[in-house]
2 protein chains.
Amino acid sequence: MNLLDGKATAAQMKQEIAQSVLEIKNSGKRTPHLAAILVGNDGASETYVNSKEKDCHEVGMSSTVLRFPETITEAELLQEVVKINNNKDIDGLIVQLPLPKHINEQKIIETINPDKDVDGFHPLNVGHMVTGLPTYVSATPDGIMELLARYKVETAGKHCVVIGRSNIVGRPMSNLLSQKANPGDCTVTICHSRTKDLKAFCLQADIIIAALGKAEFLTADMVREGAVVVDVGITRVPAQNKSGFKLLGDVKFDEVAPKCSYITPVPGGVGPMTRVSLLKNTLKAARGLR
Amino acid sequence: MNLLDGKATAAQMKQEIAQSVLEIKNSGKRTPHLAAILVGNDGASETYVNSKEKDCHEVGMSSTVLRFPETITEAELLQEVVKINNNKDIDGLIVQLPLPKHINEQKIIETINPDKDVDGFHPLNVGHMVTGLPTYVSATPDGIMELLARYKVETAGKHCVVIGRSNIVGRPMSNLLSQKANPGDCTVTICHSRTKDLKAFCLQADIIIAALGKAEFLTADMVREGAVVVDVGITRVPAQNKSGFKLLGDVKFDEVAPKCSYITPVPGGVGPMTRVSLLKNTLKAARGLR
């Protein structure tokens, strides 16, 4: 069993990105700059945005967080997005979701300049991704693809079962892994809540992407010997430790891992790769390389 | 065995569309209007565009074909697209593909106003389709979905195997049939040239979408009893008849049909549905309902 070590890989990538940022600065160009919009006082959103800011600083990028009260109107928020679209000092813009209910998220996302849409949520970028054109791939799927690439996991001709059809993980993964590309060229089966006999599909899989969001759902009896398992789930459960909680993936790691050729741990697998992918996209944006 | 009769269904839909067009005219509004751009003198392209024009007239829509010589530059063609984008008398625009090699097709497609992109090829519309938002779905996948809907073919929880990953058929079909929708909610496996043991996948399928473009590829030994088979292939082969050729699908109809619960014939299956879907999208455009 080989660990797909997201933590170590992300750390390595951060060094590479920091080096590229340094080269950009040394060449006399402006420092790559990520802007984040944060609306309201949601604790989790606050934490995510803080992490993203910290990551930027670690690799030498600039970051700006624009905070707005929960009472901001949709029209006002759209104006703020347009301001950043037009701000030549900012390369990438993310709008931390969810937004308050009175704001149409899709409208906000579609107002972001696709060239600055480093989250890859704009439908234009989704369309490019699906048709195999260069684009910003959203952070979690991009991080998974990068991890498979760096560990040289063989994907061509393999059968990949993706569990979950969310627009941010399952669906892009199924489209990416079935592309004529490397990693890619998989026969992909996309499974979801309406799938009958999920276990039978999983038992046929060379590669399983578990992205359904149910703690320890994937058990050893669902995985065949030698499979590659990527665990996208993160569920917080109460625990008797300092923080009072621990993180569980969608995979029952202890029993599944011994059967796998490769597996991602939780934490330390997909999570750090997701974070670093945002930096990668911001660097691409700064280089004008969407 | 039930025939999914695309010819009859398309004829029925044409009547419905003609009725809607009449209502629009009777309400004093402008006649729905489709524009087609045709570059060069490719025989097949000429035939397709003529069919589309004929279809428009049959349902009472206006159509305009703009013909340009093969020597038109990319910049000139882009200008023509922009002119139609800005022409308030035109609801839908299609650019007949392929274009001459000196013209970047993707650039032309992305210049079409997404609101007029009745072919559904603009990546913004592809992105909407993939994320389950209202959009123009391109004609062949839209026609297949409509056919399944009208025949009330049960899809929820079924295993659908899509053979082929083209951006105009296989990929959209795999995304549409796996959406939380009806038709939809299928577990979908997307297969392609790199798939190993395609037969084994096909034998597990409740629904097969054959879109690989190889005449009579799918044989009876690859299909299980009671399957639904949709044949997207059209290959011309020489024949001893008046026209000198006949059309073959991707499915060996005579031997596969007896095993099926539903099957589309070729010709008279997906083809007519594809044609009528363009009219459906043009009507949507005229109503401002992308």
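In the predicted model, A:D115 is located in the loop that joins α4 (105–111) to α5 of chain A. This residue counts as partly exposed, because 18 C-beta neighbours lie inside 10 Å, whereas 20 or more would be required for a buried residue. Leaving aside residues up to four places away in sequence, A:D115 touches A:A285 and A:R290. The separation between A:D115 and A:G6 is 109 residues in sequence and 27 Å in space, taken from C-alpha to C-alpha.

Strand β4 of chain A comprises residues 92–95, and its side chains are directed in two ways: A:G92 and A:I94 point one way, A:L93 and A:V95 the other, and all are buried. The pairing of β4(A) with strand β2 (residues 33–39) of chain A is parallel and extends over 4 bridges. Within this pairing, A:I37 stands opposite A:V95.

In chain B, helix α3 spans residues 74–86. Its 13 residues reach 18 Å from the first C-alpha to the last, close to the 18 Å expected at 1.5 Å a residue. Buried positions in α3(B) include B:L77, B:V81 and B:I84. These residues lie on the same side of α3(B), because they cover an arc of only 60° around the axis. The face turned away from the buried side carries the exposed residues B:A75, B:E76, B:Q79, B:K83 and B:N86. Among the elements that cover the buried residues of α3(B) are the strands β2 (33–39), β3 (62–68) and β4 (92–95) of chain B, together with helix α4 (105–111) of chain B.

Helix α5 of chain B, residues 123–130, is mostly covered, with 8 of its 8 residues buried. The buried residues are B:P123, B:L124, B:N125, B:V126, B:G127, B:H128, B:M129 and B:V130. Their cover is drawn from both chains: it includes α5 (123–130) and α7 (170–177) of chain A, as well as α4 and α7 (170–177) of chain B. Just after α5(B), B:G132 adopts a positive phi of about 80°.

The arrangement of the two chains was examined next. Two copies of a chain are related by a rotation about an axis and a shift along it. Here, chain B is superposed on chain A by a rotation of 180° with 0.0 Å of shift along the axis, at an RMSD of 0.0 Å. The two copies are therefore related as by a two-fold rotation axis.

At the interface, 23 residues of chain B are in contact with 23 residues of chain A. On the side of chain B that touches chain A, the elements giving two or more residues are α5 and β6 (187–191) of chain B. The largest share, 6 residues, comes from α5(B). By class, this side of chain B has 9 nonpolar, 9 polar and 5 charged residues. Because 100% of the interface residues of chain B are also interface residues in chain A, the copies meet through the same surface.

Strand pairing also links the two chains: β6 (residues 187–191) of chain A and β6(B) pair in the antiparallel sense over 3 bridges. In this pairing, A:T189 has B:T189 in β6(B) as its bridge partner.

Key
Residues are numbered from 1 along each chain as its sequence is written. Chains are lettered from A and ligands numbered from 1 in the order in which they are written. This is a predicted model: local features need pLDDT of at least 70, side-chain atom pairs count only at pLDDT 80 or more; totals for chains, interfaces and linings use all residues. The expected span of a helix is 1.5 Å times one less than its number of residues. A residue is buried if 20 or more other C-beta atoms lie within 10 Å of its own, exposed if 12 or fewer, and partly exposed in between; C-beta atoms are placed from the backbone. The arc is that of the directions from the helix axis to the C-beta atoms. Two residues are in contact if their C-beta atoms, placed from the backbone, lie within 7 Å. Copies are superposed by least squares on the C-alpha atoms of residues with pLDDT of at least 70 in both. Ala, Val, Leu, Ile, Met, Phe, Trp, Tyr, Cys and Pro count as nonpolar, Asp, Glu, Lys and Arg as charged, and the others, Gly among them, as polar. Two strands pair if DSSP finds at least two bridges between them.
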